[in-house]
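Please look over the model shown here, and then read the report below, which takes a few of its parts in turn.

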Amino acid sequence: MEKHMAVCPYCGAGCKLDLLVQNGKVVGVEPLNGITNEGELCLKGYYGFDFINDTNILVPRLLHPMIRRKKGQPLERVSWDEALDFTAKKLQEIIDKYGPESVMLTGSSRGPGNEANFVMQKFTRACIGNNNIDNCARTCHGPSVIGLMDAVGSGAMSVSIPNMENADVIMLFGYNPSASHPIVARRIVKAKEKGAKIIVCDPRYIETARIADLYLPLKNGSNLAMMNAFCNIAVNEGLIDKNFIDEHVSGFDEWWETIKNYTPESVQDITGIDPELARQAVRMFATADNSIIGWGMGVTQQVQGVMVVHTIAAFACILNQIGRDNAGLAPVRGQNNVQGSCDMGMWPSLYPGYQKVNDPAIRAKFAKAWNVPEEKLSLKEGFKLTDLPHAVREGKIKAFYNFGEDGLQTEPDSIDMKNVLESLEFYISQDIFMTQSTALADVVLPGSSWGEHDGVFSASDRTFQRFTAAVSPPGEARHDWEIFQDLSTRMGYPMHYNNTEEIWNEVRELCPNFYGATYERMEGLGYAQWPVPKVDEPGATTLYKGGQFNRPDKKALLIPHDFKKPTEEPDDQYPLILCTVREVGHYSCRSMTGNCQALSGLADEPGYITMHPDDAAIRGIQDQQLVWAFSRRGKVITRADVTERCNKGTVYMTYQWWIGKCNDLTMHQTDPLSGTPEDKFSACQVEAIADQVCAENHMQDLYAKLKKRLADEAAPQNVALKSDPSMVAA
């Protein structure tokens, strides 16, 4: 049996494992002693591998390129040459007619690796000629990237995941690690076993609340008021480090003019938290030797997401709980390479290595390296992923190139998103499965899957790690970077790489903070944490040591904000708050985990809507019954999970499910500073269904029809080519 080293393709913890291969098929997984997981894996790590084998449990694998010759026509299998020629011709026609700004692209954080994303953003900038490139961080941790770059200079965790278990206090704010990052949750349990105090701030009684020393059940949508109150307490009780502030922090006086108004008493009606409980939490956090604050999408998927991140950073800085190995900021990223997608410049305002696109000197550097005229590289920040709907409606975006994302499942107001994709003049989807979004595409390009290619991933804590191919791509599926470079060459900007190491070395040369992360250094269980500017330096497990922040003046900046209410509050017609959350056994749009035997057997459609017993009783709803959930955007059938761990007046839905699709209900309202959707707060209603037998049949019928439709869309790839079927572009 062969063993091939890999990094788990799911969450951003970066767990190392071996893929076990027998007779050319992946048959199992063994954990490795990686820096993050140390021989442990979670449910998805152990059982989330067999989607590679094209199980067809949920959707079929994409094996051959396909095109629609005209809108409305069925997909047709074609050779790679014809598919790429067709794509290049259509894109060039749109650029010639509407200009380069009319094309938008989005990268993938779900397994392709840093090298593929680097080549795609290079294609976007050096060939297409715009900065309209983004990734799924926009819908999750975009506020963390932007907020931390504003406040402390780097949009990433300042601490390492392994060091979390050595903290004296860990505060979790809007973050449920047992569902999102089980290996991180184990680190928190180990910290507790070593004597650490745990503080949980969350509307739900999450798993970690069971071991918490303090649990603060704040109201949904009150994050900024709560964090402002925490900062107010810290200052008024003399818990701040004045010397550290004087030497390493700027803007305190202006910031305090806002924060002084947020006593815990003044916001108690907003937060629902007893002032004394809030004071206990701040005292515990402030007086410990080393404290870490971790947050997730409970913070970022709010209309004030960036503002809350600004305030979290301020809280850590005024208390001098930052810049030490076991103290600092821990925004643990969601998808396995969402940190890497940002690292690689899949961002409309940033080149690889977080270098700004509107800086003429940076533009000149990249233009020289990429051998293009400077004017080819735009100084204008591009469109964000969440700009796509209105940009299409306004006629600004005519073509969209989707790489490895299923926006019809993961973006807010998915009913509207379907209309947007259908109204594009030209739509390309490059993926490994026939997803709901891919089924609408004019061009379908089959890429290689995790397990079928080499590369580098970035874990949440800035750790670069290599992974290797275990098997070859099936059918005519090709490595994603090869597809991008061949398309670019056809469109007049030649690119040619022989392997991922050549790509990675180009990344290193262009990004000073990544230079020391060589393939040789990352061989086996090796790794490198950026910033790592030299090959012979160890890299940085911790940012901001000695109070040296990555801002021009080397000081952290305190940025104040006043609290504002969420966009859509409950009313008589829609009296409940809807909040989207994670499912521990599934992931993202479920195209990967839904095609894994063990994971699909544990949980299947239509998913759950979690609600408090009092809310269920008022509506005549019993546990495990099918119910209707609806909002101003849509209506779905889902299953009730009635539990006292859920707070009254709020319901929670995981976003992996196709039939009980929560994003049919969420609204396209975004944080004005980041463009991240307000998925954590929408108004909705839930109703009982009297005839449960009829409801079960209806749900199963919807599910069967959707799976059949996707299988039918993929079916033309199984029809033999009229021309030479072995034709594959070199």
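## Thr311 and helix 13

Thr311 belongs to helix 13, which covers residues 305-318; helices here are DSSP runs of H or I with at least four residues, strands are runs of E with at least two, and both are numbered from the N terminus. With a relative accessible area of 1%, Thr311 is buried, a word that stands for under 20% relative accessible area, whereas exposed means over 50% and partly exposed lies in between, with a 1.4 Å probe and protein chains only. Apart from neighbours within four places in sequence, Thr311 is in contact with Leu224, Met227, Asn228 and Cys231, where contact means heavy atoms within 4.5 Å.

This is a predicted model, in which local features need pLDDT of at least 70 and side-chain atom pairs count only at pLDDT 80 or more, while totals for chains, interfaces and linings use all residues. Residues are numbered from 1 along each chain as its sequence is written, and side-chain values use heavy atoms, with hydrogens and water left out.

## Helix 4 and its cover

Helix 13 is also one of the elements that cover the buried residues of helix 4, and the others include strand 12 (291-295), helix 12 (297-300), strand 13 (328-331), helix 14 (338-343) and strand 22 (556-557). Helix 4 itself, residues 142-151, is mostly covered, since eight of its 10 residues are buried; among them are Pro143, Val145, Ile146 and Leu148. Just after helix 4, Gly153 takes a positive phi of about 110°.

## Domains and one interface

The protein is divided into domain 1 (2-53), domain 2 (66-140 + 337-545), domain 3 (142-332 + 552-557) and domain 4 (576-689), with bounds that come from an automatic or database domain assignment. The centres of domain 3 and domain 4, taken over C-alpha atoms, are separated by 27 Å, and 25 residues of domain 3 are in contact with 23 residues of domain 4.

Between them, domain 3 and domain 4 bury about 2,000 Å², of which 55% is on carbon and sulfur atoms; buried area is the accessible area (1.4 Å probe) that two parts lose on being put together, summed over both. On the domain 3 side, Asn220, Gln301 and Val303 lose the most area to domain 4, and together they account for 33% of what that side buries. One salt bridge is counted between domain 3 and domain 4, the term being used for a side-chain nitrogen of Lys or Arg within 4 Å of a carboxyl oxygen of Asp or Glu. Arg645 forms a salt bridge with Glu207, and their closest N and O atoms are 2.9 Å apart.

Strand 23, residues 576-581, is largely enclosed by the rest of the structure, because six of its six residues are buried. Both of its faces are covered, with Leu576, Leu578 and Thr580 buried on one side and Ile577, Cys579 and Val581 buried on the other.

Strand 23 runs antiparallel to strand 28 (residues 682-688), to which three bridges join it, and there Leu576 stands opposite Cys684; strands are said to pair if DSSP finds at least two bridges between them. Strand 23 runs parallel to strand 27 (residues 650-654), with five bridges between the two, and in strand 27 Thr654 is the bridge partner of Val581. Strand 27 also pairs with strand 24, in the antiparallel sense and over two bridges, where Ile609 has Met653 as its bridge partner.

Another sheet is open and has seven strands in the order 5-4-18-17-16-6-7, with mixed pairing; its edge strands, strand 5 (76-77) and strand 7 (133-134), each pair on one side only. Within strand 18 (residues 443-446) lies Leu445, which is buried with a relative accessible area of 0%. The C-alpha atoms of Leu445 and Leu84 are separated by 8.9 Å, although the two residues are 361 apart along the chain. Leaving out residues up to four places away in sequence, Leu445 touches several others, including Trp80, Tyr401, Ile428 and Ile483.

Tyr401 is, with Phe123 and Trp370, among the residues with the most contacts inside the largest nonpolar core, which has 90 residues; such a core is a set of buried Ala, Val, Leu, Ile, Met, Phe, Trp, Tyr and Cys residues joined through side-chain atoms within 4.5 Å. Another core, of 82 residues, lies apart from it and includes Leu17, Val29, Val332 and Trp450.
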